[in-house]
Amino acid sequence: MNASLISLEISVIGLGLVLMLADFFVPAERRRFIGYAAIAALGVLLVAGLSGNGSCSQFGTAFNGMFVNDALSLFFKRFFIVAAILVLFMAAEFSDRLAAGSIAEYYSLIVFALAGMLFAASSNDFTMLFVSIELITITFYVLVSFQRGKLQSLEAGVKYLILGALSSAFMVFGIALIWGTTGKLNFTELAAVAPQFADSKIFLLGVLFVLVGLGFKIAMFPFQIWAPDVYQGAPTPTTAFLAVGSKAAGFVLLLRVLFTAVPSVTHNWANLLIIISGITILYGNLCAIPQRNLKRLLGYSSIAHAGYLLLGVAALSASGQAAVLYYLAGYLFTVMAAFMVIALVLRHLATEDISGLAGLSQRSPLLAATMTIAMVSLAGIPPLAGFFGKFLLLKSVIETAQVTGNHGYYCLAFTALAGVIISLYYYFGVVRAIYWSKSATDLSPIELSAPAKVSIWVCIAGMFWLGLFPNMVLNFANEAAKVLGK
Amino acid sequence: MSILTYIAGWPLLAALALIVVPRNYRVIIRAIAVLATFISAVLAVKMFAQFVPGANGFQFEQQIPWVESLGISYHVGVDGLNVGLILMGAIVAFAAALCSWEIQTREKEFYILLLVMTGGILGAFASLDLFFFYFLHELALVPTFIMIGVWGRGEKKNYATFQITLYLSIGALIALIGLIALYLQSGANTFDIPKIIEHAKTNPLAVNAQNFIFPLLLFGFGILVSLWPFHSWAPLGYGVAPSPTAMLHAGVLKKFGLYGLIRIALPLLPQAAQSWAHVIAWLCVGNILYVGWVAMRQKDLNLLIGNSSVAHMGFIFLGIASLNLIGVTGAVLIMIAHGFLAALTFALSGYIYKQTGTLQISELGGLCRKLPFIGTALLMAAMAGCGLPGFANFVGEATVFFGAWKAFPWVTVLSLWGALVIGGIYMTRVIRNILHGPLPEKWNSISDASSTWRKLPYALLLASLLVFGFLPKLLTDKINPDAQKIVNMATAGKNADVVIAPRSSGRESAHYSLAENQSRLTPAATK
């Protein structure tokens with residue numbers, strides 16, 4: 001056994017415990033600054049542990065093959081740590097809206113959820129998958145309902161709890177069925193025997209149930225119902241982490257299950273994936289049109305983006321998987337930028353209505369530009385990250401269409417186009433509210449703290465970097481996708 | 001660094017620089033925008049002058065790898081097909097920046113968008129990489145929507161913005177699917193256009209793949225170019241657009257789709273192009289005749305110009321559909337000529353709107369007395385629009401008709417009628433109703449473009465029309481050899497009796513016939 005492989009996860013859990021302990025020693029009014037210490041610690045882990053030849057970036061398996069470190073897990077571990085750092089920045093700005101002094105607890109929960117995501121990135125076994133998913137989900141139950149005094153937050157927490165528990169039940173049931181028929185839980189071992197069970201209805205039902213559980217995490221149709229309500233009610237940093245971290249964790253597990261555990265089944269389910277992806281895109285985009293609440297709008301848009309990401313999964317090819325990873329990387333900076341602006345601008349408003357952005361171009365040109373760039377990137381317009389990601393996804397789908405001759409893929413590509421065009425409407429609606437709304441009542445300038453500025457510039461740089469210089473991240477993504485093709 | 005990088009790069013750099021200029025420094029903002037487009041235009045003239053006609057391959061090339069794993073690189077270069085387009089684009093952009101004095105609100109954002117649009121479209125024309133070709137066009141397209149939505153005029157502004165955004169996004173995305181399918185199907189594993197073409201010479205695309213991809217490109221690009229019946233966004237959009245935007249879009253950006261068809265679709269999808277040529281030819285009758293009739297009925301000057309600009313696109317499609325050297329050369333000529341013309345007419349209508357606050361033809365009249373310079377310029381533009389010899393449009397249209405005659409005689413007859421009779425009718429109506437006749441009293445206080453700066457854009461565009469009208473050789477010498485290459489590829493495998501420029505002796509005979517045309521045209525033009 002090679003326990004040194006999990007040194008990164010152990011450090012992160014240790015960090016979470018230290019943050020909880022710090023609660024005892026730091027006076028309530030200074031607890032906000034604990035977050036910066038956590039950011040620094042994660043930054044050190046990112047640079048020292050996960051850079052090219054860092055101590056935690058060696059490959060191998062541990063715990064009888066339950067835990068694997070490979071290019072795919074490395075990609076996602078970097079992704080999750082960057083996401084957590086940006087969420088911690090956001091949480092530090094958000095601390096005045098949480099119950100007095102409870103911010104240290106909030107920080108530590110974020111770090112624990114991060115640990116769950118790191119384990120998810122490395123899980124190569126259904127037990128590991130379930131444990132890591134539960135670590136993420138249960139932490140999120142608390143994170144979602146963290147504003148205990150706010151009815152909406154509690155409502156969101158309860159909804160997330162009930163539906164999350166339901167989907168966990170499905171997943172456990174599915175795992176049990178898979179284990180019952182095949183006797184295997186390890187992905188690699190399962191892949192070897194899965195073709196024998198291609199006709200076993202119980203085995204297929206098991207895989208389907210696991211898909212249900214993961215579909216809940218990524219908000220894919222028809223398990224997307226929770227997303228808008230929870231996005232709207234949860235504290236903004238939680239929503240951001242849910243939109244990026246939790247979704248990405250769902251996708252890494254989905255990719256592992258579909259392409260390393262049961263590839264033989266996956267290839268028969270191409271049409272199912274095509275249909276789900278198409279409906280998810282249309283549902284998310286169409287439902288986003290009438291939304292007035294900004295977080296709810298982003299909730300629906302996140303469903304639509306889950307649909308776009310599923311394009312790459314449905315393509316069943318290495319280029320499709322690489323496209324999913326690339327798109328997620330762009331999505332990370334884009335969504336973080338949008339939620340950062342929401343957290344900063346709508347600070348004193350009871351609701352997060354789009355009209356709250358009115359006059360933002362005069363109140364804070366930097367925030368107005370950030371929100372605009374984020375919306376443009378989500379809409380997939382060059383030269384930003386979203387465009388290159390969508391280009392890769394579309395390319396992979398058309399490639400598969402030409403290789404397999406399945407016309408469903410062409411229909412899917414056109415559905416995605418329809419989605420993109422619909423989405424222009426509501427994304428530009430947000431931009432319009434920022435620059436051309438006449439009903440601005442509050443024109444007081446918004447003061448930004450230095451850390452907030454740093455995180456915003458990181459997001460902007462990320463969006464342009466992935467849009468203009470895709471080479472490096474694309475190479476990482478291609479490396480990572482090779483793992484799945486084995 | 002290639003001169004092309006500078007031509008497209010200066011406007012983009014200036015756009016970046018404008019971000020940091022405070023918004024109340026209006027003069028400086030305007031000066032930066034005008035200066036950047038002026039440098040672009042001067043460099044474009046220099047490049048045009050240094051271009052060696054008939055040289056093998058591309059000139060002023062530059063290639064920087066961008067994404068190696070996908071074979072995407074920043075690759076620019078010019079041959080005879082795009083050298084004139086880039087010159088036209090840069091001059092129109094300079095004129096548009098000069099005309100932007102009419103924008104009085106949020107100047108900073110307007111100039112940033114104008115510069116992004118300029119840089120994007122000049123880069124797209126120079127680009128020899130499929131990805132950047134699309135990427136830079138998209139970069140230029142999106143500012144159009146914002147400019148129309150924010151600085152547009154009239155009650156129909158929101159509807160027109162909505163429609164143009166929807167139409168053009170759909171067109172661009174359909175073309176994107178076509179381009180991706182083409183990249184994958186070519187098997188060359190690169191986005192580099194010359195390499196794909198080279199690869200296709202030995203491994204042509206399967207015919208059924210061609211038949212799938214060609215319509216995607218034809219209708220995707222066709223929507224962008226307002227091919228009938230997908231044209232309804234154009235008159236409406238131009239009707240409400242601020243005039244610099246209309247100038248750049250109708251003049252330059254719209255030519256992107258046509259250029260894409262000639263540069264990419266014809267050489268790579270020859271069989272499909274041959275079988276779709278009839279469809280294109282008959283659709284362009286819709287442009288020329290139907291939209292021409294619609295233009296006759298317009299009561300608003302901008303809608304009339306918009307419709308006439310859609311009608312002119314028909315000639316270019318006809319030239320492309322004829323699939324022979326003369327037709328394709330003519331198509332490129334009209335693309336350039338129409339770029340100057342569309343920019344000129346929208347700039348003039350913008351001036352009149354600024355002065356009178358209306359473009360209803362019935363309310364105007366006798367303006368030539370108060371606006372001698374603008375009125376004369378409009379008169380000349382109208383004459384150029386109905387194909388009067390002496391202007392570049394005549395050269396292009398006549399060439400297209402010569403080329404199309406052999407391929408589609410009936411279409412050519414109908415189009416000739418559309419060009420000469422219908423075009424003549426609505427253009428002379430414009431002149432009579434707007435420039436001549438009694439001057440309504442309320443227009444007594446309007447004033448003509450007085451300073452040199454104000455006159456410069458109109459004079460520049462008119463001069464360009466006249467220069468290429470009298471000396472089409474400047475363009476045809478450059479276009480001819482490269483159009484020949486395209487036509488050779490597009491007609492490969494076609495029956496010998498339909499081929500107008502056969503591969504063996506095509507060069508000479510085509511040169512001969514074109515030279516003959518010119519010698520016939522030029523005396524007429526100088527009369």
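**Two chains and their contact in a predicted model**

Visitor: How many residues does the contact take from chain B, and how many from chain A?
Guide: The model is a predicted one, and the contact can be described from either chain. The contact draws 19 residues from chain A, while from chain B the number is 18 residues.

Visitor: Which element gives the most to the side of chain B that touches chain A?
Guide: Two elements of chain B give two or more residues to the side that touches chain A, namely helix H5 (130-151) and helix H6 (157-186). Of the elements on that side, the one that gives the most, with 10 residues, is H6(B).

Visitor: How do the residues of the side of chain B that touches chain A divide into nonpolar, polar and charged?
Guide: The side in question is the one to which H5 and H6 of chain B each give two or more residues. Its residues comprise two charged, four polar and 12 nonpolar.

Visitor: Why does the span of helix H14 of chain B agree with what its residues should give?
Guide: Helix H14 of chain B runs over residues 325-356, which makes 32 residues, and at 1.5 Å a residue these should span 46 Å.

Visitor: Is H14(B) mostly covered or mostly uncovered, and which residue follows it?
Guide: H14(B) is mostly covered, since 28 of its 32 residues are buried, a residue counting as buried if 20 or more other C-beta atoms lie within 10 Å of its own. The helix is followed by a residue whose phi is positive, near 75°, and that residue is B:Gly357.

Visitor: What is the radius of gyration of chain B?
Guide: Chain B has 21 helices and two strands, and its C-alpha trace spans about 70 × 55 × 40 Å along the principal axes. For 527 residues, a compact globule would have a radius of gyration near 24 Å, and the value for chain B agrees with this, being 22 Å.

Visitor: What is the radius of gyration of chain A?
Guide: Chain A has 20 helices and two strands. The globule rule gives 23 Å for its 486 residues, and chain A comes close to that, so it is as compact as a globular protein of that length, with a radius of gyration of 21 Å.

Visitor: What share of the contacts in chain A with a separation of 6 or more comes from residues 24 or more positions apart?
Guide: In chain A, buried residues make up 61% of the 486 residues. Among its contacts with a separation of 6 or more, the share from residues 24 or more positions apart is 80%.

Notes:
Residues numbered from 1 in each chain as written. Chains lettered and ligands numbered in written order. Predicted model: local features only at pLDDT ≥ 70, side-chain atom pairs only at ≥ 80, totals over all residues. Contact = placed C-beta atoms within 7 Å. Helix = DSSP H or I, 4+ residues; strand = E, 2+ residues; numbered from the N terminus. Nonpolar A, V, L, I, M, F, W, Y, C, P; charged D, E, K, R; others polar. Expected span 1.5 Å × (residues − 1). Buried ≥ 20, exposed ≤ 12 C-beta atoms within 10 Å, placed from the backbone. Rg over C-alpha atoms; globule rule 2.2 N^0.38 Å.
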